[in-house]
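Please look through the sequence and the model shown below before reading on. The briefing that follows groups its points by topic.

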Amino acid sequence: MKKEYNKKKAQRRDYIGSAIAAVVPLLGFLLFGMIPLVLASVVSFNELHTTNLSEMEFVGFENFKTILTNGDNATYASYLSTIVYALNAPICIAIALFIANLVNNSRVGKRFFRSVFFIPYVCSAVVVGLTFKILYHGESGVLNAILSFLGFAKVGWLTDSAMSFMTATIIMTVWQGLGFCIVLFQAALANVDSVYYEAARIDGASKFQMFWKITWPAISPTTAYLLTMKIIWALQAMTETYILAGGSNTIVPTWGDSTAWVSDLVVKHIYNMVFVSSYQHGYGLAAAAGWILAIIVFIVTQINMKMQKRWVNYDF
Amino acid sequence: MISNVGLKGYKTMYGFLVPILWVVAVICGTLCCFRAEEGSNSRIICAVLLICSLVLIGLLKLIDQKLDKTNAYYHIYQSPLVKKMDPGVMIPLCLMVVVVALPFYILVVTSIKTPLEANSLDFSWWPKEGIDLASYKELFSYGGSIGITMGQAVLNSFIYAIVPTVIGVFVAALSAYSFAKLKFPGRDLMYHLLIMTMMMPGCVTMTTSYIMFDWYGWTDSALPLIVPGCFSAAATVMFLREFFMGIPDGLLEAAKIDGAGKWKAFLLIVLPIGKPALMAQLVLGFISKYNDFLTPLIYLNNPRGYTIQVALDFLNNSVQDKSLVASAGVFSLVTMLLLYVIFQKRIIDGISMSSGLKG
């Protein structure tokens, strides 16, 4: 009887030890994730300008209303900029698919090409931004130097208009993001059973048909994954435009609205609201803007999932 | 026989010309989007080149299709190496290598120019006034308006990145081992809770985290960068759990029979077997922490604690000297690139593994 009791006790101690080991990451979330999440829910219905919660004033849905009705002018512009910026996702995926195909078809230097294309991915967005600022410079930048050598007019990549600034940013982001997509696509392409291609070749299929009927369905899970991830990242980006617009360059006003800057993506806008003293919007509005962005991310993900049912094929 | 020689020529031409023509067509098509300078007709030239190359591609394709492919001489010209280096693949790929390398080249060249030349409005492919490494020396002496030298900033970055990564991966490994191989009540429920934390949107908690860390009294210090990372993240645990599930139970049973406790089994069996996965997570975690910009920007207010990314941004905003900024950029990249060269395979495999897709 006693022995059995001890055994039970030992087992319980055993369980507790395992559970403690398992639960540490969850504890971290409780300490550093749960509190801000609850705070954000509460604060978004209040007005708050300091970190002292006793100064909180309840305003109901006022914050959400302000943002949705463009009450602070810059909001619509920042959402528009973010959506334009998110165009880098499909562009990047299309180019990466093309290159991954080439790399896979190459019989020499497969690993070399893959390694080279992946280098930009491990570089920080800050350094990449600084480098491209040198590249995009209106007078001494290499792109304009090449253009004017060929007899074309120089382009103010970062200063002409909101569109040129966004184009420049998207080119930079695509350049940096290609490696990630290529690596995943290459893994997916290498995984397609060559039996299918053999069969198609015997049946006399053209290269295009082979791609469209075999390769595309076979790699569609990867495409879907990349599209979802890259759009989520793009919606929550800020460093790229922040660095490109920083420094001594003139900053472009956004989409015809002179009170806001095109480099202010939503996350930068939220950052401005709280941490840049000239804005004075406070935590309440920032939390509300954060929730609205989170809801947009959620909706985009859901749409992606729904659309995937139509074109993604998991049978391969 | 003559026709065979002709065939040889056509095939070679097709193989080499078509990719080159495609590249020309793409470049000309892009250039057509730009405005030509006054009095210059380069846009028209580009348009003509574009049309010509497209027509030529079509013609060559037509000729290629008409050729008798069963002819024994058809493949004769191809030496093994030429056969391997298919120009249709190699030319675009090499061009792409140039595109990837160009920004790095410009960054390095700018950093070794003299300040005068780097900031002049003329572009040059190579420093005309000689190579000047003074800006690299300044990285360790000049703090200027930023308040920290780049050397110190890189050191800071290393500390802030290594400590949470190492502790975090160890914690994650322990947790993943428990979830994968040990049994205790409520295990699946806890795992599902952990997975759910991955859905937490970062943009929502960005500002309210600041309020929370202000309560803790941690703002103005590096603790908000270090401590949360030490508790690891759900994604890492998930990744490692998948890996540990693959360790055969028999191995752990054998260890148990030999008298090893769970702790010993973890240290002596699970960790060594899981080394590839752990290394991948360590390197990837380090890279993402080292490259992080937003979190340090929010929490680090004392210049002496700046990470290299924040210091670079401040340098970019406050210093006019481009060669100094560029050399700081090169300096901050060197460590990353070294790490990449050493752990290249681990990083790439880790990336494809952590996506959770087969392949």
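Helices (H or I, at least four residues) and strands (E, at least two) are DSSP runs, numbered from the N terminus. This is a predicted model, in which local features need pLDDT of at least 70 and side-chain atom pairs count only at pLDDT 80 or more, while totals for chains, interfaces and linings use all residues. Residues are numbered from 1 along each chain as its sequence is written, and chains are lettered from A and ligands numbered from 1 in the order in which they are written.

**Chain A overall**

- Chain A comprises 13 helices and four strands.
- The radius of gyration of chain A (taken over C-alpha atoms) is 25 Å, well over the 20 Å that the globule rule (2.2 Å times the number of residues to the power 0.38) gives for 316 residues, so chain A is more spread out than a compact globule.
- Along the principal axes, the C-alpha atoms of chain A fill a box of roughly 70 × 70 × 35 Å.
- The domain assignment, which is automatic or comes from a database, divides chain A into domain 1 (1-43) and domain 2 (62-316), and the centres of these two domains, taken over C-alpha atoms, are 40 Å apart.

- Ile182(A) is in contact (C-beta atoms, placed from the backbone, within 7 Å) with residues including Ala96(A), Arg114(A) and Phe117(A), when residues up to four places away in sequence are not counted.

**Helix α3 of chain A**

- Nine of the 12 residues of α3(A) are buried, so this helix is largely enclosed by the rest of the structure; among them are Ala74(A), Tyr79(A) and Tyr85(A).

**His49(A)**

- His49(A) sits in the loop between β1 (46-47) and β2 (57-58) of chain A, and it counts as partly exposed because it has 14 C-beta neighbours inside 10 Å.
- Although 234 residues separate His49(A) and Tyr283(A) in sequence, their C-alpha atoms are 6.0 Å apart in space.

**Contact between the chains**

- The contact takes 87 residues from chain A and 84 residues from chain B.

Definitions and conventions:
Contact = placed C-beta atoms within 7 Å. Buried ≥ 20, exposed ≤ 12 C-beta atoms within 10 Å, placed from the backbone.
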